[in-house]
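Please look through the sequence and the structure below before reading on.

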Amino acid sequence: MLTQLITFLIFFAVIGCILYGRRLIKTEKIDAVFGNPERALGGTHWVIVGSSFLLLIWLYYSWDIAKGFYPKSANELCQVAKVNDSLLGLKYQFPIEQRELKSTSQIRQENKNLKKITIEIQNSNDLNNEQKTILIGFITKTKQLIPLLTNENLLEGETKQKINDITGKINLLTENFKKPDYPFENEQERNERLKAVSEEGGWGITKVDAGSGTIENTIEVPLVPATNRGLKFDAAAQELNLISDEFFKLRNHNPRFQNTIKELKNDVKVYRNDLNDSEEVASSYAKNIVKIARRIEFASIYPPNALDKMQNAIVNFDKAQIEAQGGLRFVDIFLFPAGTIVASGPSCSEQGSGRWLPKPSDTLNKFVLMSKPSVGYKEIPLLWINMVDVSKMIGFILPDWIADILPGDYPVHTKDGIVKQNFKGKVLKFVTGDFKLFKIPVPYGHIWDSFLRVFLGLVFGIIIGVPLGLFMGLNRFAKGFFDPLIELYRPVPPLAWAPLIISVLGIDNTGKVFLLFMVSLSIMIISARAGASGTQLSKIHAAHSLGASKRQILRYVIFPNSLPEILTGIRVAVGMCWGTLVAAEFLAGTTGIGFVENVAKKYFQYEVIWITIFIMGMLGLLFDVTLRKIIDKTIPWRGKG
Amino acid sequence: MSDLVSQNLNMIFKTPKGETVHALKDLNFTLKQGELLTVLGPSGCGKTTLLNITAGFIRPTSGTITLNNKEIDGPGVERGMVFQQGALFEWLTVSENVNFGLRMKKEDPIKTQKKVDEWLEIVGLKGFGNTPTYQLSGGMQQRVALARCLINDPDLILMDEPLGALDALTREKMQSLVLKIWKETGKTIILITHSVEEALLLGERLYVMAPRPGRIHKEYKLPFASMGLNKDLREIKKNKDFSSTREEILEMIWDMEEEIMGKEI
C-alpha cells in the first residue's frame, strides 16, 4: 500500500518537476551564456527528479513495484512456472517449440554415431580383419533395431491403447482446465490449503526466529497457491507430472525388437568373454556398440504418425493454459525486469536483480526490525543503552594494585567463621568496583562499537601524533630520529598490518583500536609537522620581540598557527580510519558494522548488506559534517591570513 | 643614557654554494635617545640584516652593538619590532593581538584592557577591539602592529619597511601617525624603507647604505621630520631643499644600482 502510494508520488513528482523545468527554461531571460557558472545555480526541481528517478529505478528493478501493485503476482507466476516445467518434457517430444520430432532427431543422431564407429573400425590398425568383420556385423544388427521401432505395422495394440489413454487424459485435463471451478476443490481441501498459505506467509515476508531473536532468511516467493487462478495451474501441473511420468515409462518394444536386441546383447557378451587381454580395442568397440543399442532401446522412438493425436492434445492444453494466464504473462515480462519468476522454474526463486537489489520496502522493514534492541543482529542490538553502575567504571579505570601497595594485609576470616573488613579490604572493594553507586546509561551495540573504535583510535593518534609532529617540525633531532620510523610504516596499506596486529593483540577492541591508532598517528604527525614548519618566521620574530618565551611561542603562536593543518589532518584521518575499521571488522571480530555486513554476506542477506552500507554512509557523513562544523568554528581565519 | 651604539659591526653570511657575502662591514654609529633614523639603500645593502641584528634575531660575526650600555644578545621586549606585513596573529582579535606582549608577561588582564583601549585610540582603531584581524585592511593591520609593539613600552622601535605594502593614500596617513607617535612618546626609532620620499619625510637622521659590502655610504641630518610634526606632509614635499635632497639621493642610489648591474654583467 505504502509502496503504491510512494510510487505514484514519485512518478508525479518527476513529471511535475520536468514540466516546471521546461517552463523555467522558456521564461528565463537569456542573460547567462554557455559556460557561465551562474547557469548551474538553483535547480532544486532537478534534484527532485534525480533522486526520484533513482528511487523509481530501485523500486522497479527490485520488483517492489510488482509487489506493491500486484502482491499475488509472484505466487501466481510461480504456479505458471510449475505448469511450464511439467509440460516441458512432453512438449519436447514434438515439433511444438522444436523443429522436428524427438524420435527423428534421435534416430538421426544414432545413425550418425553408428556411421562414425564403422569408419573408425574399418580404418583401425589395432584390429585384424576377423575382428573387423564381427564388429561390423554387430553394427548392422544395431542398425536393424531402428526400423523395428518405427514400423507402424509392428506397433502393438497394447502400446497403441496406452498412447490413446494418455492422449485422452490430456484432453480431459484441457477440458477440465477450461472450467472455472477446476480443480473442483472441496471445503476441507480448501481450508487446508488456505491454512498452508497463511503459515507460509506472504512474498518476501521477514520472519524472526522466536527463540534466538535472530532474523532468518527471507522467503522469496511462496510456493503454495494462494489464488484460484494459481490453484488451477498448480493442480494442472500435478496432473501433468503424472501424465508425463506415464508417457516416459511407456516403451515401444514389440517381440521382434525384444528378440533382436536380446540376441545382439548376448552375441556381444559371448564375443567379449572370448577375447583375451591383448584384444582390448575390439572389446571396447563392442561395448560402445551395445551402448548405442541401449540408447535406442530407451529412447521414446515411435512410428512417424503414432503420436499425432497426442501432439494435438498437448498443443491444445498449451493454448488453454496460455489463455488462462491472461495478463499474467505481461506482468511477468514488464513488472519483473532483469529476469522473470517463470524463468526460474518451479523453485520460484527471485533470481536476477530481485535478490541482490532488495526491495526498498523489505529493506526498510528489516531495518526497523533490526533497530529493535530485542532483535538486533546476532543477539547484539545495533545501538542501544545499558544501565551501568558508575562503580563499575571506577573499578575499570582505577588499577587494582592501588589496594595491593597499601601497608597491612587483606582480612582473614576468624575461627568463628566471620570476615571482618579492614581498610585495605575496603580499598580493594573500591578499586575493583565492588560497590553500588547510581546507574547511568551507557550506549552499546554494533554501531556504538564501530564508532568507539574509530573515536579511540583517533583520540590516541591525536594525543600522541600532534605533539610529536609539532616537535618534529621544530627540532632537528626529533625530525631525524622519528622520520625513518614513520616513513617506514606509513606507506604500508593499513590493512596489510591488520593480520599481524589482530593476531598479536586479539580480535577484540584492542587490536582494532591499535590499528586505527597507527592509521591516524602518521596522518596527525605529518599534518602537525607541516603546520609547525609552515609558521611564518615573521610571526615567530614578532612573538620573540614581544617577550614570549619558547614555551609561550609554542603554545600561543606555533600551535594555533598549525591548527588548520591539524584539523584538516583529523578530517583525513577520520576517513581513513573509517575505511580501515570496516575492513578490519571484516577480517575478524564479533561486533561492529563491518562484522554485521560480513555475516550477512555469508547468508546472502542482501537487505542487511544494504542496511549496513547505508549505516556506514550515514555515520561517515555525520563524522565529516561534525568535523566541518568544528573546523568552521575553531579556525575561521583559515585561508584569510 | 639610552643610546644605541654600534662598534665595528661585521656580518658575513655563507651561501650554501660556499661563497661568502659580506652583508655588513665595519658599521659604526651611535643613535641617541629619541632620535628617528631612517635607513635607505638598494636591495642587498644589509638594511634588514642590520635590523635583525639590532632586534637580536641574528648575531653579528664580529663587533658589538649595545643598547643602554648593554650588549644585545637575543631578542628582548625593550626592542619592539614592526614588520612589513603586520605579522599579526590572525587567530586572535585586535585587542588580543595588542595585548599579546602584556599577556606574555602575565599582567592583570583587567588593567591591560585599559591600556589596550588607550593604544587603540591613539592608533585610530577605537571600537575595533573585538574584530578578528583577518577582517582588517592592510593599513589597519599596520596600526594594530604599531599598537602591539608600543604597548610594551620599548626603548627602541625597529620598523622593517612598515608601510611598504600600503597604497599611497594610506601610506601618507600612516606616515603622519608614525611622526605623531614619535613626538608623543619620544621613542628612538629605526625605520627601513625603500621610498626616498618616506626616508626624507620621517628621518631626523638618514643613512644611505651601499651594498657589497654593506656599509653606510652617506649620512644626512634632516629638518623635515620636525617640520612634519606641525605641517601637512604634502606641503613639505613642495619644499626646495626637500626636492634637491631627494634628487641627490636618487642619483646616488641609481649609481649604486648601475654599479651592481655592471659588476654582474
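Into which domains does the domain assignment divide chain B? The model is a predicted one, and in it chain B has domain 1, made of residues 4-78 and 156-264, and domain 2, made of residues 85-153. The centres of these two domains of chain B, taken over C-alpha atoms, are 26 Å apart. Where they touch, domain 1 of chain B supplies eleven residues and domain 2 of chain B supplies ten residues. On the domain 1 side, helix H5 of chain B (residues 168-185) gives the most, with five residues. That side of domain 1 of chain B consists of nine nonpolar residues, two polar ones and no charged ones.

Chain A is divided into four parts: domain 1 (2-61), domain 2 (73-201 + 225-330), domain 3 (395-443) and domain 4 (447-634). Between the centres of domain 1 and domain 4 of chain A, taken over C-alpha atoms, there are 40 Å.

The two chains also touch each other: 20 residues of chain B are in contact with 17 residues of chain A. On the chain B side, the elements that give two or more residues are strand E6 (79-82) and helix H2 (94-104) of chain B. The residues on this side of chain B divide into 13 nonpolar, three polar and four charged.

Next come the helices of chain A. Two packed helices are described by the angle between their axes and the distance between the axes. Helix H24 (residues 550-587) and helix H26 (residues 606-634) of chain A have axes that come within 10 Å and cross at roughly 170°. An angle over 145 degrees counts as roughly antiparallel, so H24(A) is roughly antiparallel to H26(A). H24(A) makes the contact with residues including A:Leu563, A:Ile570 and A:Trp578, and H26(A) with residues including A:Met616, A:Phe623 and A:Ile631. The residues of this contact are ten nonpolar, two polar and two charged.

Two other helices of chain A can be taken in turn. Helix H22 of chain A (residues 509-533) has 25 residues and reaches 35 Å from its first C-alpha to its last, close to the 36 Å expected at 1.5 Å a residue. Of its 25 residues, 20 are buried, so H22(A) is largely enclosed by the rest of the structure. Helix H8 of chain A (residues 187-200) has 14 residues, and its end C-alpha atoms are 20 Å apart, which agrees with the 20 Å it should span at 1.5 Å a residue. The number of buried residues in H8(A) is zero, so this helix lies largely in the open. After H8(A) comes A:Gly201, with a positive phi near 85°. In the loop between helix H7 (157-178) and H8 of chain A lies A:Pro183, which is joined to A:Tyr182 by a cis peptide bond with omega about 10°.

Positive phi values also occur in residues other than glycine. One of them is A:Trp63, with phi near 65°, in the loop between helix H2 (44-61) and helix H3 (64-69) of chain A. Is A:Trp63 buried or exposed? A:Trp63 counts as buried, because it has 29 C-beta neighbours inside 10 Å. In chain B, B:Asn8 has a positive phi near 45° and lies in strand E1 (residues 4-14). B:Asn8 has 13 C-beta neighbours inside 10 Å, so it counts as partly exposed.

Note on methods: Residues numbered from 1 in each chain as written. Chains lettered and ligands numbered in written order. Predicted model: local features only at pLDDT ≥ 70, side-chain atom pairs only at ≥ 80, totals over all residues. Helix = DSSP H or I, 4+ residues; strand = E, 2+ residues; numbered from the N terminus. Expected span 1.5 Å × (residues − 1). Buried ≥ 20, exposed ≤ 12 C-beta atoms within 10 Å, placed from the backbone. Domains from an automatic or database assignment. Axes fitted to C-alpha atoms, helices over the stretch in contact; angles between N-to-C directions. Parallel < 35°, antiparallel > 145°, perpendicular 65-115°, else oblique. Contact = placed C-beta atoms within 7 Å. Nonpolar A, V, L, I, M, F, W, Y, C, P; charged D, E, K, R; others polar.
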